[in-house]
Amino acid sequence: MKSSENLSGYAVLGILLITVGILFTVFSYLILHSTPFMALGILCLILGLTNALVPETLIPTNTVRAMIEAACINVEALLEEYNAEEKAIYLPPSNDGVYCLVPLQKTPVNEIVEQLTDAPLKLVSKVGGTRSLIIYPLGSEGVRLSHLTEDVSVDDALNEVLVRFLEYVESIKFVQSGNVLLVEMKGSKIETRFPRYRKILGSIPTSVAGCVFAQILKKPVSFIDEQSSGKEVVARFEALSIG
Amino acid sequence: MDRQKLYIESLAITLSLTTLCLTLISEQRLEVYVSLFAVGYFAITFLFRPRKRWIDLTGIGLFISFCYIVALQLLDIIL
């Protein structure tokens, strides 16, 4: 539970009931010697704990899913409009969140890697002579809102964002071999039904993983590919070295 | 109606009725109250499957109490 949250109505009622319950139980035991009143005190305690642990507002699952898919539609439309085919490069945040650079021309990454982080933040930018789309992927805000600390490891960051905060997947395994970053995600709870989005940025959990890599490693990370079978996704990225 | 509100109201009504019925039959053993609270709590929670901010402290407490009561009863029978 985050201490920074304001207490909801449920939490206030819960704390009140817990206090009343404890006092009433002790009072009934010591002074009244009455079992039914002790039971009443325990009842208040149970209801108080239940109230305190219930979140105030619960956004319906279908609403959340509709919002996520709506966000993907816009990106899919952009990628289709510009006929993007190349894989995305996730770039570390400058002012706002992590953003993606999608080259609109077939260009070897090592030819533009030095200019990547200097790319002007416009919808269509020229990076090393290559026209590219700059987009903010779905995971960008998720990584920003999860408030990752500066010294967190990549493994912990992936678990914090994808498993605990966003709850997109049930478990994650991460392996780094040189510059190649391999992430295996099991129990994916969210589908990505937009083909161009999947091909260029990866599925939604993969895209979030890309954002985490860029945020934590503080260097551009290129999406290579992903394999998915059922609810299991294995994605590969490459960390790009500048200079 | 909001599912969370319905869950809390159902729990309150169920446990209150349990307490009332046991009081009317003059039940004096606290373990009977606690056992039935545990059964009622888990039944209602299973039906509604509410979302929680943190781990289910109430469930853990009731489960431990229930196990303790059952263990005492078994020891009484064995010994």
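## Reading the calls in a two-chain model

Biologist: What makes Glu184(A) and Lys186(A) a salt bridge?

Modeller: Their side chains meet with N to O at 3.6 Å. A salt bridge is a side-chain nitrogen of Lys or Arg within 4 Å of a carboxyl oxygen of Asp or Glu, so the pair qualifies. Bear in mind that this is a predicted model, where local features need pLDDT of at least 70, side-chain atom pairs count only at pLDDT 80 or more, and totals for chains, interfaces and linings use all residues. Side-chain values use heavy atoms, with hydrogens and water left out.

Biologist: Why is Glu184(A) called partly exposed?

Modeller: Glu184(A) has a relative accessible area of 21%. Buried means under 20%, exposed over 50%, and partly exposed in between (1.4 Å probe, protein chains only). So Glu184(A) is partly exposed, and Lys186(A), at 34%, is too.

Biologist: What makes Arg198(A) and Glu226(A) a salt bridge?

Modeller: That pair comes in at 3.4 Å, N to O. Arg198(A) sits in helix 7 (residues 195-200) of chain A and Glu226(A) in strand 7 (residues 221-229), so the pair ties together parts 28 residues apart in sequence. Helices (H or I, at least four residues) and strands (E, at least two) are DSSP runs, numbered from the N terminus. Glu226(A) is buried at 16%, while Arg198(A) is partly exposed at 27%.

Biologist: And in chain B, how do you know that Glu27(B) is buried or exposed?

Modeller: Glu27(B) has 13% relative accessibility, so it counts as buried. Its salt-bridge partner is Arg29(B), with the closest N and O atoms 2.9 Å apart. Arg29(B) is partly exposed, at 48%.

Biologist: What makes up the side of chain A that touches chain B, by class?

Modeller: The contact (heavy atoms within 4.5 Å) takes 24 residues from chain A and 27 residues from chain B. There are zero salt bridges between chain A and chain B. Helix 1 (9-32) and helix 2 (35-53) of chain A each supply at least two residues of chain A's side, and helix 2 gives the largest share, 14 residues. By class, that side has 17 nonpolar, four polar and three charged residues. Here Ala, Val, Leu, Ile, Met, Phe, Trp, Tyr, Cys and Pro count as nonpolar, Asp, Glu, Lys and Arg as charged, and the others, Gly among them, as polar.

Conventions: Residues are numbered from 1 along each chain as its sequence is written. Chains are lettered from A and ligands numbered from 1 in the order in which they are written.
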